[in-house]
Amino acid sequence: MGRWTHRAGADLDWSVQANYDHFTRVEVGPRIKNDTFNLDFGARWRASPHHELNVGLTGRLSHDDVQGSSLLFFDKPVATDRWISGYVQDDISLIPNRLRLTLGSKFEYNNFTGFEAQPSAKLFYRISPALAVWGGASRAVLTPSRIERHGQGMLTLSNAGTAQASSGMDETTYVRLEGVRHLKSERLVALELGARAQFDRNWSLDLSVYANHYDRLLTMEPIGFEPIYVPFVPFPVGSIIIANVANNGELDSRGVEVLLTGRLTPFWKVDFNYSEIHFSNMLPVARPPIISNIGMTEIGAANVQPEAQNGGAKLWIFPDYSPKHQVGFRNMLDIGDKISIDTHVRYVASLVNGRVPDYVSLDARLSYRPTETIELSLVGTNLNTKKRQEYLHPLIPVPDSYTPRVVSMQARVRF
């Protein structure tokens with residue numbers, strides 16, 4: 001990665017950054033090779049005492065080659081995706097040091113969903129030197145990934161608790177899941193209200209509440225059913241549910257975030273944060289009951305509304321795969337001008353009724369700056385345990401996600 005920054009004056013500066021990334025990995029059989037190149041330009045211009053403009057333009061190219069397996073493969077094993085995106089933002093001072101309006105939007109064009117716009121607006125009002133409030137609204141999108149557009153996989157489901165198991169028929173149920181090339185982007189409309197209280201020069205408290213509405217969420221849609229027969233056996237020994245990915249889900253969420261920041265001494269800063277999130281109105285669009293819910297309870301039927309279960313449509317990513325509670329505490333200590341010690345302890349609640357357990361993580365960073373342009377760091381993450389589980393995918397047969405203990409050294413040179 002390389003970055004160049006130029007300051008043309010107090011009111012104008014810009015930067016150019018380029019980076020290239022290559023990786024090769026093997027997961028559940030498939031071998032994936034990927035090359036990604038990014039080129040970014042950004043500029044800030046203070047056009048007048050009341051307007052500050054930020055603009056940017058990004059080009060991205062990603063080429064991958066996937067050698068599939070019988071468990072998971074791609075109908076287009078070699079593909080190149082292209083993105084061109086830009087953003088513009090105007091920070092408008094309506095009343096100097098009291099009332100500020102920020103308007104902007106991000107724009108993107110890619111070769112699989114076309115043009116996307118993501119506008120936003122935020123209003124900030126300082127009631128007094130010790131109290132400020134703000135509110136905002138924004139729209140965001142999430143474009144479908146390669147596996148959602150081109151992946152083809154076979155999943156094995158348990159019949160525990162189904163009609164087949166209770167009747168003594170020990171047959172295996174599979175799901176043949178097929179990606180769809182012409183998926184649309186998932187959409188989000190977000191609303192936020194917040195306040196900041198400044199207790200004195202050293203301590204402040206931020207409180208924000210938000211409400212989000214998601215639509216066109218990805219769902220798994222059963223579209224067919226095939227029994228499995230073998231020679232000389234008069235009844236099916238298994239069954240295959242054929243399903244594809246569609247944009248038929250909706251979801252609402254609401255939450256609260258709290259941040260307390262302060263200085264115990266001029267060289268010792270701490271902060272404490274807490275967040276909580278809840279989901280509601282999970283509405284995969286119902287479809288004709290062309291198949292029963294054989295085995296579907298294993299992959300999330302309990303996570304959707306009863307009226308939607310009858311149609312067989314299931315959310316692709318379930319809400320209970322997001323932690324409802326998170327707590328964090330951070331220390332930032334400077335020892336003179338050359339040495340800094342940062343520590344971060346955080347608690348994350350369990351996921352999916354405990355299938356992914358809750359955990360406490362300890363990260364630390366020791367930095368030494370021999371000169372103004374050189375920084376050497378010793379960084380440790382997840383120091384309190386050898387590894388921890390963070391995620392498992394309810395549908396795609398990929399390994400559960402674990403984060404190991406990592407200790408690394410870093411060097412940064414600024415020109």
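Which residue forms a salt bridge with Arg149? The partner is Asp81, and the closest N and O atoms of the pair are 2.9 Å apart.

The protein has 415 residues, of which 35% are buried. Its secondary structure consists of three helices and 23 strands. Among contacts between residues at least 6 apart in sequence, 57% join residues at least 24 apart. The protein exposes about 23,300 Å², and carbon and sulfur atoms supply 60% of that area.

The salt bridges can be taken up again from here. Side chains of opposite charge can pair when their charged atoms come close. The count of salt bridges in this protein comes to 14. One of them joins Asp91 and Arg100, with 3.3 Å from N to O. Asp91 has a relative accessible area of 22%, which lies between the limits of 20% and 50%, so Asp91 counts as partly exposed. Arg100 is also partly exposed, with a relative accessible area of 36%. Another salt bridge links Glu178 with Arg176, where the closest N and O atoms are 3.4 Å apart. Glu178 is partly exposed at 22% relative accessibility, and Arg176 is partly exposed at 27%. Salt bridges also form a network, which links Arg7, Asp13, Arg44, Arg46 and Glu52.

The largest nonpolar core has nine residues: Leu155, Val175, Leu177, Leu183, Leu218, Met220, Ile241, Ala243 and Val245. Three strands each supply at least two residues of this core, namely S11 (172–178), S13 (203–228) and S14 (238–265). The largest share, three residues, comes from S14. Another core lies apart from this one and has five residues, among them Leu351, Val352, Val356 and Leu392.

A single residue can be followed in more detail. Thr36 lies in strand S3, which covers residues 31–48. Is Thr36 buried or exposed? Its relative accessibility is 8%, and a residue under 20% counts as buried, so Thr36 is buried. The side chain of Thr36 makes a polar contact of 2.8 Å with the side chain of Asn34. Leaving aside neighbours within four places in sequence, Thr36 is in contact with Asn19, Tyr20 and Asp21, and also with Arg60, Leu61 and Ser62.

Some stretches of the model call for caution. Over residues 160–169, pLDDT stays under 50, and the model has nine contacts beyond four places in sequence for this stretch. Over residues 285–312, pLDDT also stays under 50, and here the model has 65 contacts beyond four places in sequence. Where pLDDT is low, the predicted coordinates should not be read in detail.

Notes: Residues numbered from 1 in each chain as written. Predicted model: local features only at pLDDT ≥ 70, side-chain atom pairs only at ≥ 80, totals over all residues. Heavy atoms only, no water. Salt bridge = Lys/Arg side-chain N within 4 Å of Asp/Glu carboxyl O. Buried < 20%, exposed > 50% of the residue type's maximum accessible area, 1.4 Å probe, protein only. Helix = DSSP H or I, 4+ residues; strand = E, 2+ residues; numbered from the N terminus. Contact = heavy atoms within 4.5 Å. Areas by Shrake-Rupley, 256 points an atom, 1.4 Å probe, with all protein chains shown as cover. Core = buried A, V, L, I, M, F, W, Y, C linked by side-chain atoms within 4.5 Å. Polar contact = N/O pair within 3.5 Å; in protein donor to acceptor, adjacent residues only side chain to side chain. pLDDT = per-residue confidence, 0-100.
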